[in-house]
Amino acid sequence: MPPLSSAAAPATHRLRLWYRRLGRRGAAGVAAFAAALLAAAFFLTPSRDPSTTSYSYPSYGHRLPTLVDLTLVDGAKEKGAVCLDGTPPGYHWLPGFGEGSDKWLLHLEGGSWCRNLTVCGQRKKTNLGSSDYMERRIEFVGILSDDELQNPDFYNWNKVKVMYCDGASFSGNVEAEFQDGTSFFFRGQRIWEAVMDDLLSKGLSRAKEAFLTGCSAGGLSTYIHCDDFRALVPKASTVKCLADGGFFLDVEDISGRRYMRSFYNDVARLQDVRKKFPRCRSDMEPGQCFFPREVAKGISTPMFILNPAYDVWQVEHVLSPEGSDPERLWENCRLDITKCDSKQLETLQGFRKELLDSLNEFKKRKEWGMFINSCYIHCQSMNPLTWHSPSAPRINNKTIAEAVGDWFFNRREVKEIDCEYPCNPTCHNAVLSRPYREA
């Protein structure tokens, strides 16, 4: 979902004032507010990868979201655990309270990847490559909210958002500091270790329950580090993981190419990622080892897979990348799924089938959960409207937050697979004013 532009800000401000006056007059009024706010967000603004966005949405409780300060990791530089430009990594930590004071939920930020030095160089001048550009305070919403009405199962836990600044899902570890004479640090694995060490010293080492989550490229990071996280926390504790919008597919695009595999090959070679996956077969291309389907095969920790069947980011960058659509026949469909013609919808249904086929082996794992809705969106756990609200998308009348909570606390088995688009009227389907841009 896109960030709010300056053009949309006045309208959104009026909606916030209206919401405050509305108070708790009932679900119908709040749902109307949510629909209006969603319209402002989707229709009035340009777009970018939503996993990198700090939203300015009110919670569905009695107050606005809590602002949380950035913490830079002490001693990270000495460990070589630095962002692309050599600055220290950072995270935002909201301490838990009450019964949640010894429980921890970590969220790994997303934001695509960089496949070459040119793109990585551009990232060095942004929050995705340097802590110099990271926001000093961000709002905690969705799965990070401390509002019980918005986040009923995890509201009082310690919650951490780990900022993403290495360009390879916290998995690279290149010793050299220079590439073609230019300074670059590909140290995502060291960043992971330094952040975890810092959090262990602040109470994570005593956690009774711990939950690792991530969105988009951070969802891929969650697959990669799920078992690593389990190994850090006391054996007697309950530890689980959730990947949101992170199940990227290794499929042919509309031109018959495997664009995403080529992209991942570049990332893997640039940051020497393959050594992170010793189980990956020697006859596979390095990028193949980076796909969640391969990574997940070796995960032993319980995992929850949260994905839309029609992931808006994947439709653009995996299924119909611009280079495979020279006549721009897919442009309108990419921006708005309701503009897809019958042939394009048939292709999208085939993409959904590829996803479900890839998930079959994980669906059989009793301790794993999944929520695969038929929405046209990307990343839903960090958005208060889609995580848990009166207008949130539902499968079998359960919001994503309710389904995740049921699974985490073993209240029921959760394997929710939605019907085909456009069957689900509760979906929030993105309508973009321009395509997503690769970071």
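**Briefing: a mixed sheet, its helices and its rings**

Ten strands make up an open sheet here, running in the order β4-β1-β2-β5-β3-β8-β9-β10-β11-β12 with mixed pairing. At the edges stand β4 (137-140) and β12 (415-417); each has a single partner strand, so one side of each goes without a neighbour in the sheet. From one strand to the next, the twist averages 25°. Keep in mind that this is a predicted model.

**Strand pairing and helix packing**

- Strands of a sheet pair through backbone hydrogen bonds, and they can do so parallel or antiparallel.
- β9 and β10 (residues 303-311) go for the parallel sense, over 4 bridges.

**Aromatic rings**

- The count of aromatic pairs comes to 29.
- One of them is W113 with F248, an edge-to-face pair at 5.1 Å centre to centre with 80° between the planes.
- W113 sits in the loop between β3 (103-108) and α3 (117-123), while F248 sits in the loop between β9 (238-244) and α6 (259-270), so this pair ties together parts that are 135 residues apart in sequence.
- Why does W113 count as buried? Its relative accessible area is 1%, and the cut-off for buried is under 20%.
- F248 counts as buried too, at 1% relative accessibility.
- Ring pairs also join W113 and F248 into a cluster with Y259, F263, Y264, F277, F290, F291 and W313.

**Charges over rings**

- K240 lies over the face of W407, at 4.8 Å from the ring centre.
- For R365, the charged end sits over the ring of W368, 4.5 Å from the centre.

**A serine in a loop**

- S171 is found in the loop between β5 (158-162) and β6 (178-179).
- Is S171 buried or exposed? It's buried, with a relative accessible area of 3%.
- A polar atom of the S171 side chain lies 2.5 Å from the backbone oxygen of A168.
- Leaving out residues up to four places away in sequence, S171 touches D166, G188, Q189, I224, V273, K276 and F290. F290 turns up in the ring cluster as well.

Methods: Residues are numbered from 1 along each chain as its sequence is written. This is a predicted model: local features need pLDDT of at least 70, side-chain atom pairs count only at pLDDT 80 or more; totals for chains, interfaces and linings use all residues. Side-chain values use heavy atoms; hydrogens and water are left out. Helices (H or I, at least four residues) and strands (E, at least two) are DSSP runs, numbered from the N terminus. Buried means under 20% relative accessible area, exposed over 50%, partly exposed in between (1.4 Å probe, protein chains only). A polar contact is a pair of N or O atoms within 3.5 Å; within protein, one must be able to donate a hydrogen and the other to accept it, and residues adjacent in sequence count only if both atoms are side-chain atoms. Contact means heavy atoms within 4.5 Å. Rings of Phe, Tyr and Trp (its six-membered ring) pair if their centres lie within 6.5 Å; planes under 30 degrees apart count as stacked, over 60 as edge-to-face and the rest as tilted. A charge sits over a ring if NZ of Lys or CZ of Arg is within 6 Å of the ring centre and within 35 degrees of the ring normal. Two strands pair if DSSP finds at least two bridges between them. Axes are lines fitted to C-alpha atoms, for helices over the stretch in contact, and angles run from 0 to 180 degrees between N-to-C directions.
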